[in-house]
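Here are some worked exercises on how chains meet one another. Have the viewer open, try each task yourself, and then walk through the solution.

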Number of protein chains: 4
Amino acid sequence: MNAEASREAGIEKETGRIEAFSDGVLAIAITLLVLEIRLPEGEGALTERLLEIWPSYFAYLLSFITIGVMWLNHHQIFKVIKRLDNTFILLNTLLLLLITFVNFPTIVLADYLGEADEKVAGVFYAGTFVVTAIIYNLLWRYASHNGRLLDTKADPTYIRSITNSYRFGPIYYGIAVVLALFNVPLSLIWQLGLVVFYGLTGNRKF
Amino acid sequence: MNAEASREAGIEKETGRIEAFSDGVLAIAITLLVLEIRLPEGEGALTERLLEIWPSYFAYLLSFITIGVMWLNHHQIFKVIKRLDNTFILLNTLLLLLITFVNFPTIVLADYLGEADEKVAGVFYAGTFVVTAIIYNLLWRYASHNGRLLDTKADPTYIRSITNSYRFGPIYYGIAVVLALFNVPLSLIWQLGLVVFYGLTGNRKF
Amino acid sequence: MNAEASREAGIEKETGRIEAFSDGVLAIAITLLVLEIRLPEGEGALTERLLEIWPSYFAYLLSFITIGVMWLNHHQIFKVIKRLDNTFILLNTLLLLLITFVNFPTIVLADYLGEADEKVAGVFYAGTFVVTAIIYNLLWRYASHNGRLLDTKADPTYIRSITNSYRFGPIYYGIAVVLALFNVPLSLIWQLGLVVFYGLTGNRKF
Amino acid sequence: MNAEASREAGIEKETGRIEAFSDGVLAIAITLLVLEIRLPEGEGALTERLLEIWPSYFAYLLSFITIGVMWLNHHQIFKVIKRLDNTFILLNTLLLLLITFVNFPTIVLADYLGEADEKVAGVFYAGTFVVTAIIYNLLWRYASHNGRLLDTKADPTYIRSITNSYRFGPIYYGIAVVLALFNVPLSLIWQLGLVVFYGLTGNRKF
């Protein structure tokens, strides 16, 4: 192995370690979601109590698939990253902070769906994803601007396809926020559609 | 390394990453089960309070071993997977969602075993595994249909043995659901027998 | 790579995956311990409330170091394992089940230390480690009996030193159980001494 | 591969495993922080209830970024470690114990910020980081003293820069403790400044 190859191997190990740490955080964040599903206080027939908490099941399903897709997105970025710097690592930490935070709006949504304040809960939930989508764009724009941190051998078409698909994230979730102001279930169905559609059509480059 | 070998190495890295993420989710799901074991509210001699929650210990034991066997199954599939596509990833995400969900029926079972509503809890618990076993079959059938995502060098006998053993999963757990309608302890013993038997006889191909 | 080397590489990958899964479970089990430290219900000056829960701090410290040492032990075994079978995997799953379970006796100890029932809590805590130590011996004896699953190139002195040091685990923790019947603090100091001593003198073969 | 290279590969695998275990613990510790954010007991408009718990959001943000920077520090050390011994492993375990412990002072801070006892909470929070910074120094001094556990090929300038930057950790957090005695918000802003500054300027050697 010559000096250049050895330096490159070192950098790949470095980006691999940041990615492995991020993978760990995402795996834990997605799994902790289940702690939100609990039987309500009080008495009653178990069948009714199990049915009564349907908002918890739905919130769990939606957040689980959404974080799953976020993991795919995150991985998509790291596949073409070949260098790191402090700004990138800070933006990545903010991203992990937000994805982990999803746990809380999920609980709020599960608690308030079908209640008087459900619109606040719906806006809070979708709003969290607006902020997350913005950070995704910042992270990607920072890394890809003039190819700053990218592999010089990365396919330009692949890079453009990521830029294009991320651009619409904040808009799509912005629509979800507006929908939640009028009709929370509609907003949630929109979000579920988004993640299933993206999950099934995303350019993964296997 | 020629181009073909390099492409293959890239794909192997890709399936390895999905498997590592799944392993992480399963490791967390299995460990979170312990949070279910808690002393009941109220006073009393500690010895009695520790004995009183025997359903918690049993539910912990059964769910822990069951998820352990599910991890083995999952690993068994990934050993022969050499390609990925979006449908496979979505099915895999659904599978992780269900295995993580096991946490909740485990709590319900621990809370209701020996109570009036124990049959509902038993059906809910075993029913979760019926759904999980069906998703396992879907995932495997999708991947193995005409060798869609499999390693072309995979041993056909090994592939057939997986297909055959998964086929019976929904039936075995369907029996557990029916048993729970009559006698919950019997249903649980049946399930414990299943995982121990499978754990000890499964074709692991070490 | 010839056929033999290729087969060996496959088996090493296999044992590596079981070890990585176990590492994940142990890392989560050790980290979840902190959830046990909580401010008690009720009012009062914060300084007093923070001091009042010293048993929680101590139980956290002792269980954290103990699981840390268990991780080292586990790793010590896997360093010489070169083959797997179903019985070994089942024993390993039981071991993970017990180490994860430590979370519960830790909470019980933290709740009851200094209370009337502290001896029951102390026996339950130390007793969990007796069972764990026995499973460690079973796992190791099974793997090493006539070199069943060991690397044929493993150093016989290293193997004997593991056998010898594990043999005393159940006895040392049995002493802790007996001590807890008379004096719980003494039993805990004995256990703390054990893990620090083992941590500092264990044959790690770096 | 000759004997020397083989021995070196074995040791690298060994330090890699301790680092991977530590990474796992840190990833879980950082993710568990979110469990601290919960709606308060009681009734009221959801908007107000979400705003009322701003100390929880802030404590989450600060602890998340701080543990993120600690992960970078930890990784920085392991990049030049080439040997292990029992003392180093024990110090590393103590470090993980403290970083995991951060969960508890974070909850206390979130509960008491803006309350009568907030100074006690602020001192407890910053004090935890003083102890952590001291353990970081102990770990690094132990490893780097006369190059005890370091790679002989490690860059001396890099090593000196770590020594220099760690030296100030306990002092900077000592200042945070003193500030908390007078004004808790000021102390927290100081700590946030520290981690952002360190995150953006730290010598990462990518």
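A residue is called buried when its relative accessible area is under 20%, exposed when over 50%, and partly exposed in between, using a 1.4 Å probe and protein chains only. The model is predicted, so local features need pLDDT of at least 70 and side-chain atom pairs count only at pLDDT 80 or more, while totals for chains, interfaces and linings use all residues. Residues are numbered from 1 along each chain as its sequence is written, chains are lettered from A and ligands numbered from 1 in the order in which they are written, and side-chain values use heavy atoms, with hydrogens and water left out.

**Exercise 1. Describe the contact between chain A and chain B.**

Step 1: take the residues. Chain A brings 35 residues to the contact and chain B brings 31 residues, where contact means heavy atoms within 4.5 Å.

Step 2: take the area. About 3,000 Å² is buried between chain A and chain B, with 76% of it on carbon and sulfur atoms. Buried area here is the accessible area (1.4 Å probe) that two parts lose on being put together, summed over both.

Step 3: take the polar pairs. Between chain A and chain B there are 6 residue pairs in polar contact, both residues at pLDDT 80 or more. A polar contact is a pair of N or O atoms within 3.5 Å; within protein, one must be able to donate a hydrogen and the other to accept it, and residues adjacent in sequence count only if both atoms are side-chain atoms.

Step 4: find the elements. On the side of chain A that touches chain B, at least two residues each come from α1 (3-32), α2 (46-52), α3 (54-78) and α9 (184-201) of chain A. Helices (H or I, at least four residues) and strands (E, at least two) are DSSP runs, numbered from the N terminus.

Step 5: sort by class. That side of chain A holds 22 nonpolar, 7 polar and 6 charged residues. Ala, Val, Leu, Ile, Met, Phe, Trp, Tyr, Cys and Pro count as nonpolar, Asp, Glu, Lys and Arg as charged, and the others, Gly among them, as polar.

**Exercise 2. Which salt bridges does B:R17 form with A:E19 and A:D23, and are these residues buried or exposed?**

Step 1: apply the rule. A salt bridge is a side-chain nitrogen of Lys or Arg within 4 Å of a carboxyl oxygen of Asp or Glu. The whole structure has 8 salt bridges over all chains, and the count between chain A and chain B is 2.

Step 2: take A:E19. Its closest N and O atoms with B:R17 are 3.7 Å apart. This pair runs from helix α1 of chain A to helix α1 (residues 3-32) of chain B.

Step 3: take A:D23. With B:R17, the closest N and O atoms are 3.0 Å apart, and this pair also crosses between chains, from helix α1 of chain B to helix α1 of chain A.

Step 4: check accessibility. B:R17 counts as buried because its relative accessibility is 19%, and A:D23 counts as buried at 10%. A:E19 is buried too.

**Exercise 3. Follow the salt bridge between B:D23 and C:R17.**

Step 1: the side chains of B:D23 and C:R17 meet at 3.0 Å, N to O.

Step 2: the pair links helix α1 of chain B to helix α1 (residues 3-32) of chain C.

Step 3: B:D23 has 10% relative accessibility and so counts as buried; C:R17, at 18%, counts as buried as well.

Step 4: now look at chains A and D. Salt bridges that share partners join A:R17, D:E19 and D:D23 into one network.
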